[in-house]
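Please open the model in a viewer and keep the selection panel at hand.

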Amino acid sequence: MPLLDESSLPRDCPPTVPVVIIGNGPSGICLSYLLSGYTPYLDPAAVHPNPILYHKLQEAKHLPITEQSLEYLSEGLEGRSENPVAVLFDTLLHPNADLGFEFPSVLQWRLEKKHHVPHLVLGKATPGGAWHAMEGSMLTISLGIWMELPGVNYRDITPGKRRSVTNDRATPEEISSYYKNYVKLMGLQKNFADNTYVTSVQKLHRGLDGISQGLWEVRGYQQLQGDTHVPFCLFAENVVLATGASDSPARLAVEGEDLPYVFHSVRDLGVAVNRHGKLGPASDPVLVVGAGLSAADAVLCACNHSISVLHVFRKRSDDPSLIFKQLPKTLYPEYHRVYHMMCSQTYATSASSVLFPDYTSFPEHCVLSFQPDMRCVLRGSNGVLKAFKVSMVLVLIGTYPNLFFLKEQGQYLGLDPSRPISCRQNPVDINPYTFECSAEPGLFAMGPLVGDNFVRFLKGGALGIASCLLKRQKQMKKKGKLIADAGECGRVGRGDGRGSGGFV
């Protein structure tokens, strides 16, 4: 869907769209699917293995799930998400998945026009979001089937790519291709505006029959062929934040972090390896900072190319909070290989405190500084400083969402408004059943922004938001008004006299 220049539409009658979704990754795609009229019902032939949930589903089996009480259905369910609706939707799509079973979904999807809510999905690239930028050789943490969206089986689109019964994971390339094809197969293209960058989202008010109704002004630009940037402005009654959390890498904030040999993405290591002579077995070690899965991916990438690794992390190697302790060995052998090295090839336990030839871990160490001569200064828990010559540094200690287009960069939306939004430490504070922001009616958040980092669970946000908007639409229809009545054109005021614009 192309966006038009903000000066191309009449100033006195700007268009309003009921829902604008910012982000076209799996969160935004799944929500678009539900808002396009695809409606979930209990499959009459299905029996859910949870007898209590199945009894609840039977009570209103004639109603779509989106019209039932999600709070009632999700009560008592347990899973690997803090959001109850995320656990509910996951157990409907993948019953007993955490017990190792692969039961079919108990949902039946019907395309019903009466459940369609007009919406627009704005994304920086083609549908798939951050998956297009991920290192293509690594395997996903989740099983391939857990990465799929409702209505299209992942294996049907990627035939013949199953690796084994116990290791049915996928590469980011396969997943990004699946999401791109999903939008086409489901006929969702008309809702998507690609190569679109949002620069401002702020609350306005429109006079409607003497009633003040909150509206959102969304501004930005669309990058067309070549380097042409076309600015746009549109108005929305509801805005959904589905931006993910990988925009801004976390930084150490130490001396020399901006030097040219210090990077903050695993992808930069892949680029360096692929450049002839840039990085290889004869190079000085690569320094990896961090103890998460991205750091482990970097270690694996370097080891696979016979590049020596120095691995620095603040925690003890036996810290129970390390992510590796939560991953089954049979399903994630490569990550347990890294974890084994973290525990067994440590600098402190080496008899003469020398480096191992391929990999050396530095638990309970931190980086003190990066020097222009490519030496890194580390400090151990005992306060002793050590300096090592390296060829490249990868600081992989997490990422933050970039919500610069909101007031206060969205910080006021967090559980702790005094701190920046962070998917783990400070997610957006939402109603757990509608995903509407507690601090801002009409603004919704989903995915990593509310703590759901896995595709398997972020789909719950789509269910909660769609259910909320569909119920509100139904209420408005009873009152004789749609969510956005295209026949009315109210006046919009913001006080600075700037013009309006729109989209087609």
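**First stop: a sheet and its helices**

Select strand 11 (residues 286-289) and strand 17 (residues 392-395), which pair in the parallel sense over four bridges. Strands pair here if DSSP finds at least two bridges between them; helices (H or I, at least four residues) and strands (E, at least two) are DSSP runs, numbered from the N terminus. Within this pairing, Val288 stands opposite Leu394 in strand 17.

Before going further, note that this is a predicted model, in which local features need pLDDT of at least 70 and side-chain atom pairs count only at pLDDT 80 or more, while totals for chains, interfaces and linings use all residues. Residues are numbered from 1 along each chain as its sequence is written, and side-chain values use heavy atoms, with hydrogens and water left out.

Now extend the selection to the open sheet of five strands, ordered 10-17-11-12-13 with parallel pairing. Its edges are strand 10 (262-263) and strand 13 (359-363), each of which pairs on one side only.

**Second stop: aromatic rings**

How many aromatic pairs does the structure hold? There are 13 aromatic pairs, where rings of Phe, Tyr and Trp (its six-membered ring) pair if their centres lie within 6.5 Å, and planes under 30 degrees apart count as stacked, over 60 as edge-to-face and the rest as tilted. Select Tyr33 and Trp109, an edge-to-face pair at 5.1 Å centre to centre with 65° between the planes. Tyr33 lies in helix 1 (residues 26-35) and Trp109 in strand 3 (residues 107-116), so this pair ties together parts 76 residues apart in sequence. Tyr33 counts as buried, at 1% relative accessibility; buried means under 20% relative accessible area, exposed over 50%, and partly exposed in between (1.4 Å probe, protein chains only).

Next, select Tyr347 and Phe388, also an edge-to-face pair, with 5.8 Å centre to centre and 85° between the planes. Tyr347 is in the loop between helix 9 and strand 13, and Phe388 is in strand 16 (residues 385-389), 41 residues apart. Both Tyr347 and Phe388 are buried.

To view one aromatic cluster, select Tyr33, Tyr38, Phe89, Trp109, Tyr178, Tyr179 and Tyr182.

Select Arg110 and Tyr41: the charged end of Arg110 sits over the ring of Tyr41, 3.9 Å from its centre. The criterion is NZ of Lys or CZ of Arg within 6 Å of the ring centre and within 35 degrees of the ring normal. Lys56 likewise lies over the face of Tyr72, at 4.8 Å from the ring centre.

The count of salt bridges comes to nine, each being a side-chain nitrogen of Lys or Arg within 4 Å of a carboxyl oxygen of Asp or Glu. One of them joins Lys203 and Glu440, with the closest N and O atoms 3.9 Å apart. Finally, select Glu217 and Arg219, whose salt bridge has its closest N and O atoms 3.2 Å apart.
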